[in-house]
Amino acid sequence: MSAVADTKKHSKYALIIEGKWTAIGQIGAAAGTFVGIKLLTTLLDSYSYGQLALAMTGFALAQQIIISPICSMIERYFPEIELDSADDLLRFIKTIHSAVSLILLISIAGYLLFISSSTGVVNFTIIALAFILSSTTVFMISSALTSQRQRKQVAIVQISSEWLRFAFAALFAYAFLGSPLWALFGFFVGTLFVSHLALRQVGTTLFTAQDSNSKTRPMKSVLKDSLRYGFPFSLWGIFTWVHYASDRWALALFGELSEVGRYAALCQLGYYPQM
């Protein structure tokens, strides 16, 4: 009887700890967003901030139809992957991520500095795609940690992601005289830094946290079920994106970009996780 009571007490204590770190992560991320918005709206004029806000709708689209489904699949099925397969996957991700990140960073910085730094659609698209790629790594790691109930690590990733990406965005915006293009590049660099930090932090945490008695399956077996599970998220993600981005594009079409900038800043204060 005492063993059962001790187990319940331990479970209750573990839930309290998890709740504490979940709250810390959310509050810390929200604080980083609010401070970041204040910094960027100070460094960028409303027109430039409007350009940045429209560029970020592209990221929001990728988040809804690609990143969120992948994260949902990881949270649901990662615990079922055999440890050896998962370990191999993590090593592969680290290797590819390091190589691709270095190539992207050098290529985009060189392109902006020596070829074209105009705030055209092509330049915004290039940096937005790089930002999407680096963000996907961060979200995947966070989802894998969430699946293992590693709330402390998740909170660290959440807080560092918000603070660092806004810090780098503000730094580049200041250095390049309020350029929204360089602010977006700062988002990319900040998220890239967080992704490397998260990968280094993860190590064997994901695998040592798995229950050794849990039923696991080979990677290929899990992949089929996870794709079937994640596909619906992509479908309704399109409608979520339309709900999120249509107001900004409508305002840009019938109004001015400066109005988009002011509107986006106000909306982000209420919907900071979607920024």
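**Helix packing and nonpolar cores**

In this predicted model, helices α4 and α5 cross with left-handed geometry. Their axes approach within 8 Å, at a crossing angle of roughly 160°. Angles over 145 degrees count as roughly antiparallel, so α4 is roughly antiparallel to α5. On the α4 side, the contact is formed by Phe131, Val138, Ser142, Leu145 and Thr146. Helix α5 contributes Arg151, Gln153, Val154, Val157, Ser161 and Arg165. By class, the α4 contact with α5 comprises 5 nonpolar, 4 polar and 2 charged residues.

A second pairing joins helix α2 (residues 46-77) and helix α9 (residues 257-270). Their axes lie 6 Å apart, and the packing angle is about 65°. That angle makes α2 roughly perpendicular to α9. The crossing of α2 past α9 is left-handed. From α2, Ser46, Tyr47, Tyr49, Gly50, Gln51, Ala53 and Leu54 take part. They meet Leu257, Ser258, Val260, Gly261, Arg262, Ala264, Ala265 and Gln268 of α9. This contact of α2 with α9 holds 8 nonpolar, 6 polar and 1 charged residues.

The largest nonpolar core contains 40 residues. Leu52, Leu184, Phe185, Phe187 and Phe188 have the most contacts inside it. Elements giving two or more residues to this core are α1 (2-43), α2, α3 (83-114), α4 (121-147), α5 (151-175), α6 (180-202) and α9. Helix α2 gives the most, with 10 residues. A second, separate core has 8 residues, including Leu145, Val154, Val157 and Leu199. Among these, Leu145 of α4 and both Val154 and Val157 of α5 also belong to the α4 and α5 contact.

How values were computed. Residues numbered from 1 in each chain as written. Predicted model: local features only at pLDDT ≥ 70, side-chain atom pairs only at ≥ 80, totals over all residues. Heavy atoms only, no water. Axes fitted to C-alpha atoms, helices over the stretch in contact; angles between N-to-C directions. Helix = DSSP H or I, 4+ residues; strand = E, 2+ residues; numbered from the N terminus. Parallel < 35°, antiparallel > 145°, perpendicular 65-115°, else oblique. Left-handed = near helix turned anticlockwise from the far one by under 90°. Contact = heavy atoms within 4.5 Å. Nonpolar A, V, L, I, M, F, W, Y, C, P; charged D, E, K, R; others polar. Core = buried A, V, L, I, M, F, W, Y, C linked by side-chain atoms within 4.5 Å. Buried < 20%, exposed > 50% of the residue type's maximum accessible area, 1.4 Å probe, protein only.
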